[in-house]
Amino acid sequence: MAPGEKIKAKIKKNLPVTGPQAPTIKELMRWYCLNTNTHGCRRIVVSRGRLRRLLWVLFTLTAVALIFWQCALLISSFYTVSVSIKVHFQKLDFPAVTICNINPYKYSAVRDLLADLEQETRTALKNLYGFPENKSRKRREAESWTSAWEGTQPKFLKLVPLLAFSQDETSKARDFLTGRKRKVSGSIIHKASDVMHVHESKEVVGFQLCSNDTSKCAVYTFSSGVNAIQEWYKLHYMNIMAQVPLEKKINMSYSAEELLVTCFFDGMSCDARNFTLFHHPMYGNCYTFNNRENETILSTSMGGSEYGLQVILYINEEEYNPFLVSSTGAKVIVHRQDEYPFIEDIGTEIETAMATSIGMHLTESFKLSEPYSQCTEDGSDVPISNIYNAAYSLQICLHSCFQTKMVEKCGCAQYSQPLPPAANYCNYQQHPNWMYCYYQLHQAFVREELGCQSVCREACSFKEWTLTTSLAQWPSEVSEKWLLPVLTWDQGQQIKKKLNKTDLAKLLIFYKDLNQRSIMESPANSIEMLLSNFGGQLGLWMSCSVVCVIEIIEVFFIDSFSIIARRQWHKAKEWWARRHAPPGPQGRDNLGLDIDDDLPTFTSALRLPPAPGTEVPGTPPPRYNTLRLERAFSDQLTDTQMPAES
Amino acid sequence: MHIKKYLLKCLHRLQKGPGYTYKELLVWYCNNTNTHGPKRIICEGPKKKAMWFLITLLFTSLVCWEWGVFIKTYLSWEVSVSLSIGFKTMDFPAGPICNASPFQYSKVKHLLKDLDELMEAVLERILAPEQSYGNTSKALNSTIWNYTPLVLIDEQNPHHPVVLDLFGDNHNGSAPGRTCTAQACKVAMRLCSLNGTVCTFRNFTSATRAVTEWYLLQATNIFSQVPNQELVEMGYPAERLILACLFGPEPCSYRNFTSIFHPDYGNCYIFNWGMTEKALPSANPGAEFGLKLILDIGQDDYVPFLTSTAGARLMLHEQRSYPFIKDEGIYAMSGTETSIGVLVDKLERKGEPYSQCTMNGSDVPVRNLYSDYNTTYSIQACIRSCFQDHMIRNCSCGHYLYPLPRGQRYCNNREFPGWAYCYSHLRMSVAQRETCINMCKESCNDTQYKMTISMADWPSEASEDWIFHVLSQERDQSTNITLSRKGIVKLNIYFQEFNYRTIEESAANNIVWLLSNLGGQFGFWMGGSVLCLIEFGEILIDFVWITIIKLVAFAKSLRQRRAQACYAGPPPTVAELVEAHTNFSFEPDVAGPGPDPGTYPDEQTLPIPGTPPPNYDSLRLQPLDIIESDSEGDAV
């Protein structure tokens, strides 16, 4: 025999009970405690004295509890992120820059469409505030319109009447059209009163929107007439413009050649061809520089204003719509190429007769999506269909959601957002009560009752350009003299007038430096980390490992069950045997169990004293060794000794 | 002989070891190791043995794999960032103040006289060609013109563009250029190489831009020939520019500003640069504790064609760094009060091997030309130095806007006639920029000053009179008002309530992290530790020794057999061997795990023909292992 086998034999001899062969659960436990690799258990068995043993039991249990607690903490904090901020100096892609004139359409072109509305607005202003008609702005042919209009019925004011309320009697209102007081039914909604409480004693102005089908009315009031008139005007304006086809609208707005006087990018001349048209419902023709549609994305390899975009814009204030827009200038927005420019929400305004220099810093952010956070990679898992022809963003989702709800509830789409498939823009002719519906829906949207805010999720990655805007006087006093004629020459046939300082705005957009900051989230834990932390915990408290876990499963489940099963089996067998055993007193040899003819203990069985036979009236338990359970060596030893003693 | 002794020593050594055969060694190891799996392999039944063997093997490979993962993660040198925001007493940022116009027109007029006349003529030609022919009698400096003339390109026929010199010598009346409008014609600049053989046209879509660029090029040429001292004198002096200064509660004056000459903006005055004296700290947030300045930009004295934007130019930067005002500067408008709230956004990075940044620029292969100013390294400085290097290499002269290395000269038309062509070629070259970007490394510490800018009209109409009066009196000692709303600028620069945001990098995975994870993995799967590894190493050494001993024994047995072959007597028969007595009273395994082999190690070496060795098993030496196993099987 090889020495290895010898050692094995010795080990086997030394082991008091091999696991599964242990006769009782207690012995199995004892065997486990003595032989397991985890610390603690052994001390329970080995220690002398009850107190010490108890202490060790407590320690072991505490350690187990701690392990469970710590591991639970580790698991619960598994989906956390760590943030890293990286700065990289590199060639940067220049963002898309969308430039819009604040005024959407040339007033001379849209005047025909808006003539009635303008007239009614003026009348309302006159009735309410005593604003002298056609005095401040000398509009051509305005007088003739006024006279022509005198006889006709005012349709806009009739549709949505402008009302003045005196604060104390909210149910009474003065109609501008007739001038007489009338009773107002329906709920009165004070605009902005939800957010802040305005306490003033003067008259409030508002307008009433009624639903034709249900004759329900809602009155919207404003603290200032300026807001009321503008909102009222905008409502009608959208109504009218919704019926105008897109081509006509584009023609009514500014052309790129008209808006852009000069353009210069990274030391190279550029012109209207480098800009792509983008028609915005509220801002008319906007022009996007460096849109991917033209060619490849332009990039900057130097920081500073010289290497950025320099544009001189022509803004003709005479063509401004007096009621729709009250500020002059242009709006610019810096965005990603595939992003939709929400110019009305996040644009930067540019003043005329000024050079606006906008320095940019690029910050990129990447978030981790499920299960780390609720963000979405491309919006495909958001149950709102994207009606914009652009990459997903939270704003797109919110607007799409509102527009979809609008089409659902009111049957038509709101003018300032793109059309969903198979829908039309709202107008009086087809949808007489859309305004009421729209305002109700908008209120609900603002109060988050439509569920858009909860459905829409933020995008996981976004680029952000931090802008530092500063202004300077442009052109300077001394350069004005030569600059304006040259610019007029440049503009050439586009305009037939000599340019003035206030018709122009200079815009510089550039990267301040080429440092790109990326804020990135990365998983703080990986599965390896988790396991090694588990290992650390297990090892620290009990010096346990997966092997120990397998051991525990083996001993506590498989072996103990097999012991219990064996016991039960034997009990059942005994019971069965007792039940079916013949009542005769004489014992019988179980011949089937005679495996070995000359068992060494047979003689000892024969030597049994006859006395116990008389004590037991029934069948005495068979004392054959063959019926005995297989026992470990040590037990066998004592077993064989027992009969010798007796 | 030495080898023999050594081998003997090894044998002695092994006596205390676990055993003589591989199997014995393995069993011993499995029984005694502290790693959890192996013990179960030996003390279970055959099925479980196989299972445990597989489990142990699996876990070992798992541990190895995950160790690999961790070591790889460690070697990727990741960083974790910590962000801190708050207010603390910090050095007030250095703030250079410049005027948008580099020179006072009244002082540079004599230099620019010819150029301005030419420019006026050009403008006349472009705007109203018919009239301008009448008064071309004015003698124009044709030498300036001829270096880089402006041309009109008639693109009505796109395949055959007609190039017309603005001052073409063909005064034959029928020049089609006269009828040119902006839509039909484009103004372009003709740039020719040194010997005039290769010419390119730099096209512009707008005449405004074309004439501005052309003027700038010509002016650069003129100013580059003027010594630096004269240029400084022609710029705005500090006492004219800075009228009032207040830093916190303490008054300051233009003397507290350090002057540098900036090629774009002339004289710039830097407050709190920290070059000669200690930087001033600011301990409180708010405008009251910041810098308040009143400037006069003197808009009337601007060079008309050089700049069209009027205002003061300023920026904020770190102490001892060079201000790149053109890149990072902002404008402050005249007639307004500009308030700038400052937040210092600092990024501190770890250098190699965590990121590719440089601590002080010493490891960048570009000579920093801005080091003459005694300033610290920055990537802008590096890129500009790199450009100037390229410029000198390609055009053999330096560009006026960048500092000059020693022994080089600025470009001008007289000495380097082809420089404009060369420069514009270089400036448009993408390859040049990319090489520069690749050569330059970013600096590890990056400080940005985030500004919140707000503006208001200043002075108010009510206070205008007395403010102008007082300031004029102070500056010019005259009772006349020499200032106006067109020129006056008020600036407030102060720290915001939170004045710093520091992003600091630290190593995400240090050696402690690595060790704890390695330990965690080993512990988790196998309950092992470093000591277990040492154990394993020990076993490996034992293995090697056993192998060596076996080889030696094998060699010896070969020799012995050869010796036996010449031995006269017949070889021992099987019967002889079986007859060997077994000493039953001898129990070798009580004390140690293996039999006592080396009691007579010398016996092994040579068979003595005289007295035969005792046949007892216990005395048998190792090489007779094969026979021994048989007999021992009988014995037990």
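This is a predicted model: local features need pLDDT of at least 70, side-chain atom pairs count only at pLDDT 80 or more; totals for chains, interfaces and linings use all residues.
I'll start with chain A as a whole. It holds 20 helices and 20 strands. The chain has 646 residues, and 49% of them are buried.

Next, the backbone. As background, most peptide bonds are trans, and most residues other than glycine have a negative phi. Here are some departures from that.

In chain A, the bond between A:Glu370 and A:Pro371 is cis, with omega about 0 degrees. A:Pro371 sits in the loop that runs between strand 18 (354-366) and helix 12 (394-410). In chain B, a cis bond joins B:Glu352 to B:Pro353, and there omega is about -5 degrees. The loop that holds B:Pro353 lies between strand 16 (336-348) and helix 12 (379-395) of chain B.

Then the phi angles. A:Asn290 is not a glycine, yet its phi is positive, about 60 degrees. You will find A:Asn290 in the loop between strand 13 (284-289) and strand 14 (299-300) of chain A. Is A:Asn290 buried or exposed? It counts as buried, because its relative accessibility is 4% and the limit is under 20%.

Chain B has B:Asn272, also a residue other than glycine, with a positive phi near 60 degrees. Its loop connects strand 11 (266-271) and strand 12 (281-282) of chain B. B:Asn272 is buried too, at a relative accessible area of 4%.

Now charges. In general, side chains of opposite charge can pair when their charged atoms come close. Over all chains, the structure holds 37 salt bridges. I'll show a few.

The pair A:Asp266 and B:Arg433 forms a salt bridge, with the closest N and O atoms 3.0 Å apart. This pair crosses between chains: A:Asp266 is in the loop between strand 10 (260-265) and strand 11 (268-269) of chain A, and B:Arg433 is in helix 14 (residues 430-439) of chain B. As for burial, A:Asp266 has a relative accessible area of 11% and is buried. B:Arg433 is at 10%, so it counts as buried as well.

Another bridge lies within chain A. A:Lys501 pairs with A:Glu477, and the closest N and O atoms are 3.9 Å apart. The two are 24 residues apart and link distant parts of the chain, with A:Glu477 in helix 15 and A:Lys501 in the loop between helix 15 (477-491) and strand 20 (504-523). Which side of the burial limit does each fall on? A:Lys501 is buried at 16%, whereas A:Glu477 is partly exposed at 27%.

In chain B, the side chains of B:Arg384 and B:Asp327 meet in a salt bridge of 2.7 Å, N to O. They too link distant parts of the chain: B:Arg384 is in helix 12, B:Asp327 is in helix 11 (residues 325-328), and 57 residues separate them. B:Arg384 counts as buried at 10% relative accessibility, and B:Asp327 is buried at 4%. Elsewhere, salt bridges with shared partners join A:Arg517, B:Asp345, B:Asp446, B:Lys450 and B:Arg501 into one network.

There is also a surface patch of positive charge, made of A:Lys26, A:Arg30, A:Arg48 and A:Arg53. One of these, A:Arg30, lies in helix 2 (residues 25-35) of chain A. At 48% relative accessibility, A:Arg30 is partly exposed; exposed would need over 50%.

Last, B:Tyr322. It lies in the loop between strand 14 (312-314) and helix 11 of chain B. B:Tyr322 counts as buried, since its relative accessibility is 8%. What is B:Tyr322 in contact with, leaving aside its neighbours within four places in sequence? The residues are B:Ile260, B:Phe261, B:His262, B:His317, B:Tyr370, B:Tyr373 and B:Thr375. For a distance, B:Tyr322 and B:Cys252 are 70 residues apart in sequence and 23 Å apart in space, C-alpha to C-alpha.

That is where I stop.

Technical notes
Residues are numbered from 1 along each chain as its sequence is written. Chains are lettered from A and ligands numbered from 1 in the order in which they are written. Side-chain values use heavy atoms; hydrogens and water are left out. Helices (H or I, at least four residues) and strands (E, at least two) are DSSP runs, numbered from the N terminus. Buried means under 20% relative accessible area, exposed over 50%, partly exposed in between (1.4 Å probe, protein chains only). Patches are made of residues with over 30% relative accessible area and no salt bridge: like charges are joined within 9 Å, nonpolar side chains (Val, Leu, Ile, Met, Phe, Trp, Tyr) within 5 Å. Accessible areas come from the Shrake-Rupley method with a 1.4 Å probe; for residues, only the protein chains shown count as cover. A salt bridge is a side-chain nitrogen of Lys or Arg within 4 Å of a carboxyl oxygen of Asp or Glu. Lys and Arg count as positive and Asp and Glu as negative; His and the chain ends are not counted. The place of a charge is taken as NZ of Lys, CZ of Arg, CG of Asp or CD of Glu. Contact means heavy atoms within 4.5 Å.
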